[in-house]
Amino acid sequence: MNKLAIISAFLGGIKNRYMQYQPNRSIIEIIESVRKIQGIDGLELCYPGDFGNIKELKKALKDNGLGVSAINVRSRRQDKWLRGSFSSAIEKERQEVTDEFHKAMDAALELGTNRISTCPLNDGHDYVFEMNYFDAYKYMEETFANICSYNPEVKVCIEYKKNDPRTRCLLGSAGETLSFCQSVDMPNLGVTLDIGHALLSGERPAQSVALLQRTNKLFYVHLNDNDSMWDWDMLPGAFHLPEFIEFHYYLKLAGYNNDWYAYDVMAKEVDLNDHFRLVAKLTRKIEAMADRIVKDDMQKLMELRNPNKSIEYLYDKLF
């Protein structure tokens, strides 16, 4: 069974462009609050925001019995790297990004995880003829190669997303990100599969699992849901329950177990601890639903390519 973590940023001052829903909290306050949430095993920490004092951070995690699923390295910064980070045309900026990631890799190992994850949100474009795509991919490949070569024992996971804050991010789908990883050709470079981002990109998430697992690039999983029109970071299964069941079924086939799921789920005006208690509960229920599917039976049904039979089987098993 996979352990459950929450991205620390979703336990602090949650806000959007218009409103702030939760008060700002220090990372120590966040750690102490997570201990009280039933079903949650740890945190995905954010770098550099959570790393003001790594000794205090390490002690707080230990004292509260929490693990670290990954370090989420922010590649977008206030008043910095405004034209992208990994793909910046300015060599000095790309070197700054590389140096920051090297520090984050060291910090990850100190906290007991060999995984960092990053979402290159600002590496993209808003308008046609805004950037030279050939140069952008070249610079991005060089930057990630320099990051990965620093320590091959640390997995570097790219979390793709179609848009936000750019109208089009450079890596917006599982296929694009897989192709990019293959062009960089570093064994420790892979993909964070965020099911909400997959849905936003129009993917069938279970198919994305198969695509990435075939090339050993499925490194990490984020759970949340949305309406396929925007990345709303909602309760797992709230909109796409059948897709979630198929997703978990395929994760099991892919051998993604004894690992971590991390949540980027937003609690707006509701109680934070109760919200994430429910998030964990829903995840375990969806896993249990997927476990009711008998692999051999479903394989025979899928070979028929008759959705009437497979959907009827699914509903008979689940309800």
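Q: How many helices and strands are there in the chain?
A: The chain, seen here as a predicted model, has 11 helices and 10 strands, where helices (H or I, at least four residues) and strands (E, at least two) are DSSP runs numbered from the N terminus. The radius of gyration, taken over C-alpha atoms, is 20 Å, close to the 20 Å that the globule rule gives for 319 residues, so the chain is as compact as a globular protein of that length; the rule itself is 2.2 Å times the number of residues to the power 0.38.

Q: Before we go on, what should I know about the numbering and the pLDDT limits?
A: Residues are numbered from 1 along each chain as its sequence is written, and side-chain values use heavy atoms, with hydrogens and water left out. Because this is a predicted model, local features need pLDDT of at least 70 and side-chain atom pairs count only at pLDDT 80 or more, while totals for chains, interfaces and linings use all residues.

Q: What box do the C-alpha atoms fill, and how many of the residues count as buried?
A: Along the principal axes, the C-alpha atoms fill a box of roughly 60 × 45 × 40 Å, and 53% of the 319 residues count as buried. Here buried means under 20% relative accessible area, exposed means over 50%, and partly exposed is in between, with a 1.4 Å probe and protein chains only. Of the contacts (heavy atoms within 4.5 Å) with a separation of 6 or more, 75% are between residues 24 or more positions apart.

Q: Can we zoom in on one residue: where is V265, and is it buried or exposed?
A: V265 sits in the loop between β10 (260–263) and α9 (272–291), and V265 is buried, with a relative accessible area of 0%.

Q: Which residues is V265 in contact with?
A: Once the neighbours within four places in sequence are set aside, V265 is in contact with F10, L223, N224, D233, M234, L235, P236, H275, F276 and V279. By way of another reference point, the C-alpha atom of V265 is separated by 21 Å from that of R77, which is 188 residues away along the chain.

Q: Switching to charges, how many salt bridges does the structure hold?
A: The structure holds 12 salt bridges, each being a side-chain nitrogen of Lys or Arg within 4 Å of a carboxyl oxygen of Asp or Glu. In general, side chains of opposite charge can pair when their charged atoms come close.

Q: Which partner does K59 have?
A: K59 forms a salt bridge with D63, and the closest N and O atoms are 2.7 Å apart. Both residues lie in helix α2 (residues 54–63), four residues apart, about one turn of the helix. K59 is exposed at 54% relative accessible area, whereas D63 is partly exposed at 48%.

Q: And what does R166 pair with?
A: R166 forms a salt bridge with D126, with 2.8 Å between the closest N and O atoms. R166 lies in the loop between β6 (155–159) and β7 (168–169) and D126 in the loop between β5 (124–125) and α4 (133–150), so the pair ties together parts that are 40 residues apart in sequence. R166 counts as buried at 12% relative accessibility, while D126 counts as partly exposed at 27%.

Q: Where do K252 and D291 lie?
A: The side chains of K252 and D291 meet in a salt bridge at 3.3 Å, N to O. K252 lies in helix α8 (residues 241–253) and D291 in helix α9, so this pair ties together parts that are 39 residues apart in sequence. D291 is partly exposed, with a relative accessible area of 47%.

Q: Now the backbone: which peptide bonds are cis?
A: Among them are the bond from Y47 to P48, with omega near 10°, and the bond joining D164 and P165, with omega about 5°. P48 is in the loop between β2 (42–47) and α2, and P165 is in the loop between β6 and β7. As background, most peptide bonds are trans, and most residues other than glycine have a negative phi.

Q: What is phi of D185, and what about S228?
A: D185 has a positive phi, near 60°, in the loop between α5 (174–184) and β8 (189–194), and D185 is exposed at 61% relative accessible area. S228 also has a positive phi, near 70°; S228 is placed in the loop between β9 (218–223) and α8 and counts as partly exposed at 32%.
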